[in-house]
Amino acid sequence: MTSRIFFAAERGALKCTVRILRGGERLDTIAADQYGDSQYWWVIASATGIGWCLQVPPGTSIRIPLSLGEALKFLGR
């Protein structure tokens, strides 16, 4: 189901910003900064196609959907 977010990001239907993770960064803290809630870390993981892990190695390129609401629409929420 979350693959819908990945494919939307891949084809440009979901606008994302791309960034390279630095040492010590985690998806949950990025989600808290971006969306105001760390529980949405999985949206970033889904858009990036990295599965269900919070800690990703430094140097990994990630996609951060610009709008949480738009990302969730691809799941029918």
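1. Arg63 has a relative accessible area of 19% and therefore counts as buried, a class that here means under 20% relative accessible area, with exposed over 50% and partly exposed in between (1.4 Å probe, protein chains only). Arg63 forms a salt bridge with Glu10, the closest N and O atoms being 2.2 Å apart; the term requires a side-chain nitrogen of Lys or Arg within 4 Å of a carboxyl oxygen of Asp or Glu. Because Glu10 lies in helix H1 and Arg63 in strand E2, the pair ties together parts that are 53 residues apart in sequence. Glu10 itself is partly exposed, at 45% relative accessibility.

2. The model is predicted, so that local features need pLDDT of at least 70 and side-chain atom pairs count only at pLDDT 80 or more, while totals for chains, interfaces and linings use all residues. Residues are numbered from 1 along each chain as its sequence is written, and side-chain values use heavy atoms, with hydrogens and water left out.

3. The structure holds five salt bridges. Among them, Glu25 meets Arg19 at 2.1 Å, N to O, and Arg19, Arg22 and Glu25 are linked in a network of salt bridges.

4. In H1, Ile5, Ala8 and Ala9 are buried; helices (H or I, at least four residues) and strands (E, at least two) are DSSP runs, numbered from the N terminus. Seen down the axis of H1, the buried residues fall within an arc of 100 degrees, so they line one face of the helix, the arc being that of the directions from the helix axis to the C-beta atoms. The elements covering these residues include strand E1 (16-20), H3, E2 and H4.

5. The largest nonpolar core has 22 residues, and those with the most contacts inside it include Leu27, Trp42 and Ile62; such a core is a set of buried Ala, Val, Leu, Ile, Met, Phe, Trp, Tyr and Cys residues joined through side-chain atoms within 4.5 Å. H3 gives the most to this core, with six residues. Leaving aside neighbours within four places in sequence, Ile62 is in contact (heavy atoms within 4.5 Å) with residues including Val18, Leu27, Ile30 and Ile44.

6. Two aromatic pairs are found in the whole structure, where rings of Phe, Tyr and Trp (its six-membered ring) pair if their centres lie within 6.5 Å, and planes under 30 degrees apart count as stacked, over 60 as edge-to-face and the rest as tilted. The rings of Phe6 and Phe7 have centres 5.3 Å apart and planes at 70 degrees, so this pair is edge-to-face.
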